[in-house]
Amino acid sequence: MDSIKQKRLNNAILQWKNQGYSVVETNHVRCSFEGKSCDSKLQAKELEGLILNPKVSVIFCVTGGDFLL
């Protein structure tokens with residue numbers, strides 16, 4: 001993830017936290033290799049983990065998402 005996207009993500013997280021929300025990031029959300037955070041199986045596993053987590057109410061794709069969704 002380039003520095004501009006990092007700053008935008010950090011700002012978005014700060015805004016959510018300032019409104020009282022907690023934020024959960026997957027292990028690879030800030031990674032980038034050939035336009036993807038990680039391979040499709042790992043992306044699916046991380047997404048499934050968020051879906052099954054009872055503490056997670058909303059899921060936002062930080063960028064892209066077209067490789068998995």
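Visitor: Is Phe-60 buried or exposed, and what is its relative accessible area?

Guide: A residue is called buried under 20% relative accessible area, exposed over 50%, and partly exposed in between, using a 1.4 Å probe and the protein chains only. Phe-60 has 57%, so Phe-60 is exposed. Keep in mind that this is a predicted model, where local features need pLDDT of at least 70 and side-chain atom pairs count only at pLDDT 80 or more, while totals for chains, interfaces and linings use all residues. Residues are numbered from 1 along each chain as its sequence is written, and side-chain values use heavy atoms, with hydrogens and water left out.

Visitor: How many aromatic pairs does the structure hold?

Guide: In general, a pair of aromatic rings is described by the distance of the centres and the angle of the planes. Rings of Phe, Tyr and Trp (its six-membered ring) pair if their centres lie within 6.5 Å; planes under 30 degrees apart are stacked, over 60 edge-to-face, and the rest tilted. This structure has two such pairs. In one, the ring centres of Trp-16 and Tyr-21 are 5.1 Å apart with planes at 80 degrees, so the pair is edge-to-face. In the pair of Trp-16 and Phe-60, the centres are 5.5 Å apart and the planes are at 40 degrees, which is tilted.

Visitor: Which parts does the pair of Trp-16 and Phe-60 tie together?

Guide: Helices (H or I, at least four residues) and strands (E, at least two) are DSSP runs, numbered from the N terminus. Trp-16 sits in helix H1 and Phe-60 in the segment after H2, so their pair ties together parts 44 residues apart in sequence. Trp-16, Tyr-21 and Phe-60 make one aromatic cluster.

Visitor: Which residues form the nonpolar patch on the surface?

Guide: Patches take residues with over 30% relative accessible area and no salt bridge; like charges are joined within 9 Å, and nonpolar side chains (Val, Leu, Ile, Met, Phe, Trp, Tyr) within 5 Å. A salt bridge is a side-chain nitrogen of Lys or Arg within 4 Å of a carboxyl oxygen of Asp or Glu. Here the patch is Trp-16, Tyr-21, Val-23, Val-58 and Phe-60, together about 510 Å² of accessible area, computed by the Shrake-Rupley method with a 1.4 Å probe, where for residues only the protein chains shown count as cover. Trp-16 is partly exposed at 34%, Tyr-21 is partly exposed at 47%, and Val-58 is exposed at 54%.
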